[in-house]
Amino acid sequence: MLILIAIMLLKLLTLAGSIALTAGFVGLFAFKDTLGPHLAALWLGGFLAVAAGEGGAWWIGRHAAKTIETEP
C-alpha cells in the first residue's frame, strides 16, 4: 500500500509539472505582462517536476516488480 501511495504522490508531482509547463507555454503567447518574467522558472520547474515524477514512479515500479512472486 505504501508503494501505491508513493506512486500516486509522484504522479501528482508530474501533474503539477505539466500544469507549470502549460502555463509557461501560454505565457509565450498570452498574459505576457503577468507570466513573462516567470517563464524561465515555469519551464525549468515544470520540466524538473515532470522528470522527477515520472522517473521516480518508474524507479519504484521497476523495483516493486522485482519483488512480485509468480506461481509456476
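A salt bridge is a side-chain nitrogen of Lys or Arg within 4 Å of a carboxyl oxygen of Asp or Glu. In this predicted model, local features need pLDDT of at least 70 and side-chain atom pairs count only at pLDDT 80 or more, while totals for chains, interfaces and linings use all residues. Residues are numbered from 1 along each chain as its sequence is written, and side-chain values use heavy atoms, with hydrogens and water left out.

The count comes to 1 salt bridge. Lysine 11 pairs with glutamate 54, and their closest N and O atoms are 3.1 Å apart. This pair links distant parts of the chain, with lysine 11 in helix α1 and glutamate 54 in helix α3, 43 residues apart.

## How α1 meets α3

Now for the helices themselves (DSSP runs of H or I, at least four residues, numbered from the N terminus). The axes of α1 and α3 (residues 39-66), lines fitted to C-alpha atoms over the stretch in contact, come within 7 Å and cross at roughly 155° (angles run from 0 to 180 degrees between N-to-C directions). That makes α1 roughly antiparallel to α3 (over 145 degrees).

## An aromatic pair in α1

Phenylalanine 25 and phenylalanine 29 form an edge-to-face aromatic pair (ring centres within 6.5 Å, planes over 60 degrees apart), at 5.3 Å centre to centre and 75° between the planes. Both lie in α1 (residues 2-29), 4 residues apart, about one turn of the helix.

Methods. Phe/Tyr/Trp six-rings, centres within 6.5 Å; stacked < 30°, edge-to-face > 60°. Helix = DSSP H or I, 4+ residues; strand = E, 2+ residues; numbered from the N terminus. Parallel < 35°, antiparallel > 145°, perpendicular 65-115°, else oblique.
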